[in-house]
Amino acid sequence: MKYSKDLIIPEDFPKGFLWGGATAANQYEGAYMEDGKLPSVADVQPHGVFGYPDRNAKYYPTHGGIDFYHHWQEDISEFGEMGFNVYRTSVAWTRLFPTGEEEEPNELGLQFYDQVFKTCREKGMEVMVTISHYEMPLHLADKYGGWKSRKMIDFYTKFVKTMVERWHGVVKYWLTFNEIGNNIHKMEWMTAGIDPKTSTLNDVYQASHHQFVASSLAVKIIHEIDPEAKVGSVIEYKTIYPMSCDPKDSIVVLKEKQRGYFFSDVQVRGQYPGYAWEYFKENDINIEYTDEDMAIIKQYPVDFLSFTYYRSRIASKDYVESVQKETNTSDKEIHGDTAYRGDDNIVNTGKTNPYLKLTPSGWSIDPDGLYLALVDLYDRYQVPIFVAENGLGIKETLVNGTVNDTYRMEYLRDHVIAMQNAIKDGVDLFGYAWWGPIDIVSNGSGQMSKRYGFIYVDRNDAGEGTLKRYRKQSFYYYKKLIASNGRDL
Ligand code: BGP
């Protein structure tokens, strides 16, 4: 294949490097009310209205997903065929505890994952479970206001304990919350079961505090039951460039990055950083916490850090000021949402980065941004790192039973090279998971047509299609890349 860039071909990846893919239950399992399962918060998020629940809307295709629930054997077998040695997925909380309040788990839900995980291991894959990936029982959101309530810690730890008691020795890696920091970016419905229409900035930080305590208790429980298992956190990493060399733009970048670092600082370093208390003061945020909470957070940090990376952004002070002036708002009123105004490639500038290409959905393609992320995070924390998500989502059509997705192979190759360059710099990176190795429902749009997969699934945004799976050309490319441990690019 033709190389689009002049990039240095790196040395080998470390022996035992984990190569695989990542999915999330609510975006692909379907069967959303089968075998005792009840709705989760994701089941009332209609497509096109990201982050806002609506109980009267049409929910397809999220409810059907790609029907992994009935196709898991075929799909896991294809992942094995590609040579995955790790598979990251989440367990739907509502399959095990349909309302969240049951004392005993739903045995049918446990049995479903028993077979999936067993098959993964038979095919040579380590299992990495995201405990909560953008969903929780809808009942808990309705009754308690989601993670605003401290009670959530007990419901979550019961869920964790049930899973580890069942799957110790089977699941080697656990991730406590997907993209935990997105509570503060108007995604609190999916991340924390809080309706953004009525919530305050205080609510979302309070919810995060409860999640920090729950995450640390998960580390404790998992280590007690399975000392071999490793527990990590997942943040969404934002590589952000200053718009200019005006030092004030770099300060805006730093402030924006601190909003993300906050979550990994607490989960890895085990304490609230000074800049967080300052931010709370400036924005009248008063979270309720106890000394015991802080002791738990200190005592049980995560073993490793993982992050999702798709694109980079740019920031400038002028844009922040203009938005605040225009809307007469501060962080307090808008939940720090300046970051997401306009195109997704923009943070606080109103402009796209002229040095980078964009995907059709407006996300920048920036492998150097991944290299910068890896070096930055490792310098900051010095703990093992895992790339939990990376990928290219695009509209595609099947031609003669396949998709000739050269762009996906190029994207993958360039990001693999970025990882290798970080490893050469000394970053302790132990694995990589491509997002959506099989086409699944997009989280942001709720649609099928934003496809990330190496495998095409015949289902459209209206829910029509045979659900038949087809290998794209990138399927063979990733297989070759894995077989050569990142050498054959
Ligand atoms: C991440 C989420 C995933 C996933 C991905 C791609 O932020 O953890 O759940 O969906 O983004 O985003 P999208 O599906 O909106 O293209």
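Reply: Ala, Val, Leu, Ile, Met, Phe, Trp, Tyr, Cys and Pro count as nonpolar, Asp, Glu, Lys and Arg as charged, and the others, Gly among them, as polar. By these classes, the shell around the ligand has three nonpolar, six polar and four charged residues.

Me: Which residues come nearest to the ligand?
Reply: Ala24, Gly393, Ser442, Asn443 and Gly444 come nearest, out of 13 residues around the ligand. A residue is near a molecule if its C-beta atom, placed from the backbone, lies within 6 Å of it.

Me: What kind of model is this, and how are residues numbered?
Reply: It is a predicted model, in which local features need pLDDT of at least 70 and side-chain atom pairs count only at pLDDT 80 or more, while totals for chains, interfaces and linings use all residues. Numbering starts from 1 along each chain as its sequence is written.

Me: What pLDDT does the chain average?
Reply: The average is 90, and 89% of the residues score at least 70. pLDDT is the predictor's confidence in each residue, from 0 to 100. For the complex, the predictor gives an ipTM of 0.98 and a pTM of 0.94.

Me: Now the helices. How is a packed pair described?
Reply: Two packed helices are described by the angle between their axes and the distance between those axes. Helices here are DSSP runs (H or I, at least four residues), numbered from the N terminus. Axes are lines fitted to C-alpha atoms over the stretch in contact, with angles from 0 to 180 degrees between N-to-C directions.

Me: At what angle do helix 14 and helix 15 cross?
Reply: Helix 14 (residues 367-381) and helix 15 (residues 406-424) cross at roughly 30 degrees, and their axes come within 8 Å. Helix 14 is therefore roughly parallel to helix 15; angles under 35 degrees count as such, over 145 as roughly antiparallel, 65 to 115 as roughly perpendicular and the rest as oblique.

Me: Is that crossing left-handed or right-handed?
Reply: Helix 14 passes helix 15 in a right-handed crossing. A crossing is right-handed if the near helix is turned clockwise from the far one by less than a right angle, and left-handed if anticlockwise.

Me: Which residues make the contact?
Reply: Among them are Leu370, Tyr371 and Leu374 of helix 14 and Ile417, Ala418 and Met419 of helix 15. Two residues are in contact if their C-beta atoms, placed from the backbone, lie within 7 Å. By class, this contact of helix 14 with helix 15 has nine nonpolar, two polar and two charged residues.

Me: And how do helix 6 and helix 8 cross?
Reply: The axes of helix 6 (residues 151-167) and helix 8 (residues 201-225) cross at roughly 25 degrees and come within 9 Å. These two helices are therefore roughly parallel to each other. Helix 6 passes helix 8 in a right-handed crossing.
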